[in-house]
Protein chains: 2
Amino acid sequence: MLAKTPHPLAPLVDKLEYAHVLSEEDRAAVLALPHSLKALEPHSYIVREGDKPTSSCLLRNGFAFRHKVVGDGGRQICSIHMKGDMVDLQNSLLGYADHSVQALTRIEVAFIPREAIRQIAFDRPAVGMAMWFDTLVDGSIFREWITNVGRRKARLRLAHLLCEFSLRLEAAGLGKRDDYTLPMTQEQLADCTGLTSVHVNRTLRGMDADGLLTRTNRSVTVSDWKKLAKVGDFRSAYLHLREDQLEIVQ
Amino acid sequence: MLAKTPHPLAPLVDKLEYAHVLSEEDRAAVLALPHSLKALEPHSYIVREGDKPTSSCLLRNGFAFRHKVVGDGGRQICSIHMKGDMVDLQNSLLGYADHSVQALTRIEVAFIPREAIRQIAFDRPAVGMAMWFDTLVDGSIFREWITNVGRRKARLRLAHLLCEFSLRLEAAGLGKRDDYTLPMTQEQLADCTGLTSVHVNRTLRGMDADGLLTRTNRSVTVSDWKKLAKVGDFRSAYLHLREDQLEIVQ
DNA sequence: CGAGCGTTTGATCGGTGTCAAGGATCGTGG
DNA sequence: CCACGATCCTTGACACCGATCAAACGCTCG
């Protein structure tokens, strides 16, 4: 194990340690999981609704999102994923994909057989607990999104989404919370928030005009993060990040 | 074990067997979990946002719901729970309640210490897998709710919610899908769907006028379930029920 | 330099929210 | 048994947020 390049599954270890630090043997067991690597272009599908996947997919870098399509063709994005996320535990363990997962940017992934996941989860309780914990945090984020989309107005929704994104990026070591790259189009932001792209545009421009943030290309610069969090009715508890991942959040 | 009354934890066994049938020993181990029983009046809280619960709560009968409150006082209900649901795995395993859980009707619950849950989950992989599966199904329902609230119009949202409710009731053995008791006020329906109670009222009356359903008191009678499912853009896959729990659904 | 995608802006429409008041139902106590 | 209050349902009038339609503009990458 004296390879210079990081181990392909290293991001998974990092993510699982969000909850609790793992022992050296547990870490080694995770890294020893069987897997196959693959790179995917933007827009390509990892899973399509209706598939019956038998592998779970670890996102090694880049961004991906889950979405559902409704009867009239409308699309709802249910979550955004980044480095270290097990993007498809849900579909593979449940056996039937009730939604699609798609690459947002160019991504590198590792497919891990479902059975290997099950096995390590029960052979190594600490790993199993970390995975369970992870799916519970996913659930917590889903609840917050239900609330965001159901009960907040356009500006709050967007501010909230941007706050969530910034903290998760920071926790994953991918940027500063008040200055980061947002790899999404306004249409995708709209599909996250249940709005239209036109309204997202107007709302973002309004926030820009009010000095809340600046958007150039795909990057976001927040002038006053706490102010944005206040506007977005954002409290970070639901992300269940460790204290030291949050630092000086209110 | 020759008691005539069913075991207090029997509903949990039934629920866990939604996924896969358990062995006799696994069943016995679940029933042997330490627990304390309690009855709660409508509106009473099982957990409040901000609590740090150390027990999980099994709903033995009656109905409960999770909700979050936003900055302006608005409330969003994130899920409805019924007999057999572990209503608070999420909060207790995560250690911090990011939302509240409240009794909808009069309920009977059993509190099970978090540690006992962890232990059985890893001592008995089949039980652990069933619990994990259950939290994944919860996640799947959350995603559908995000989609419902984010991308469907009022009538579809309500029709969808009523369809979900009817199938879950049927699967739990609590009613027929086209004729059941709905223990919710219109305001609570509004908080599930991100609407206002006034609009819920108008929409339900409209559906009634169009012959889709009849509501008297708290009961719902669906004249043509498949038609309602079509109106509500409802496909049952996301509930991940077994074939034999669904019977003749499209 | 042109094509394609994403952004920006304007005009108008419509679904849902808001405010307000009256009606139905049910449990409770006199 | 009736009266009363509380809660929930129903309905109307009106306001407004965000959707829709349409067109121009600006990147970015062949």
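**How the copies meet**

I started with the interface of this predicted model. Of the interface residues of chain B, 100% are also interface residues in chain A, so the copies meet through the same surface. I then laid chain B on chain A: a turn of 180 degrees and a shift of 0.0 Å along the axis give an RMSD of 0.0 Å (least squares on the C-alpha atoms of residues with pLDDT of at least 70 in both). The two copies are thus related as by a two-fold rotation axis.

**Ground rules I jotted down**

Residues are numbered from 1 along each chain as its sequence is written, and chains are lettered from A and ligands numbered from 1 in the order in which they are written. Local features need pLDDT of at least 70, side-chain atom pairs count only at pLDDT 80 or more, totals for chains, interfaces and linings use all residues, and side-chain values use heavy atoms, with hydrogens and water left out.

**Chain A overall**

I looked up the secondary structure of chain A and got 10 helices and 10 strands (DSSP runs numbered from the N terminus: helices are H or I with at least four residues, strands are E with at least two). Chain A has a radius of gyration of 18 Å, which agrees with the value near 18 Å for a compact globule of 250 residues (taken over C-alpha atoms; the rule is 2.2 Å times the number of residues to the power 0.38). The C-alpha trace of chain A spans about 55 × 45 × 30 Å along its principal axes.

Buried residues make up 59% of the 250 in chain A (buried is under 20% relative accessible area, exposed over 50%, partly exposed in between, with a 1.4 Å probe and protein chains only). I also checked contacts (heavy atoms within 4.5 Å): among those in chain A between residues at least 6 apart in sequence, 71% join residues at least 24 apart.

**Rings**

I counted 9 aromatic pairs over all chains (Phe, Tyr and Trp rings, the six-membered one for Trp, with centres within 6.5 Å; planes under 30 degrees apart are stacked, over 60 edge-to-face, the rest tilted). Phe122(A) and Phe122(B) make a tilted pair, 6.2 Å centre to centre with 50 degrees between the planes. That pair crosses between chains, from helix H4 (residues 114–123) of chain A to helix H4 (residues 114–123) of chain B. Phe122(A) is buried at 16% relative accessibility, and Phe122(B) is buried at 16% too.

H7 (residues 186–193) of chain A is mostly covered, with 6 of its 8 residues buried. Among them are Leu189(A) and Cys192(A). What do the buried residues of H7(A) pack against? I found several elements of chain A, including strand S5 (75–81) and helix H8 (197–209), together with helix H5 (125–151) of chain B. Gly194(A) follows H7(A) and has a positive phi, near 70 degrees.

**Ser55(A)**

My last stop was Ser55(A), in strand S3 (residues 55–61) of chain A. Leaving aside neighbours within four places in sequence, I saw Ser55(A) in contact with residues including Asp88(A), Ser92(A) and Arg114(A).
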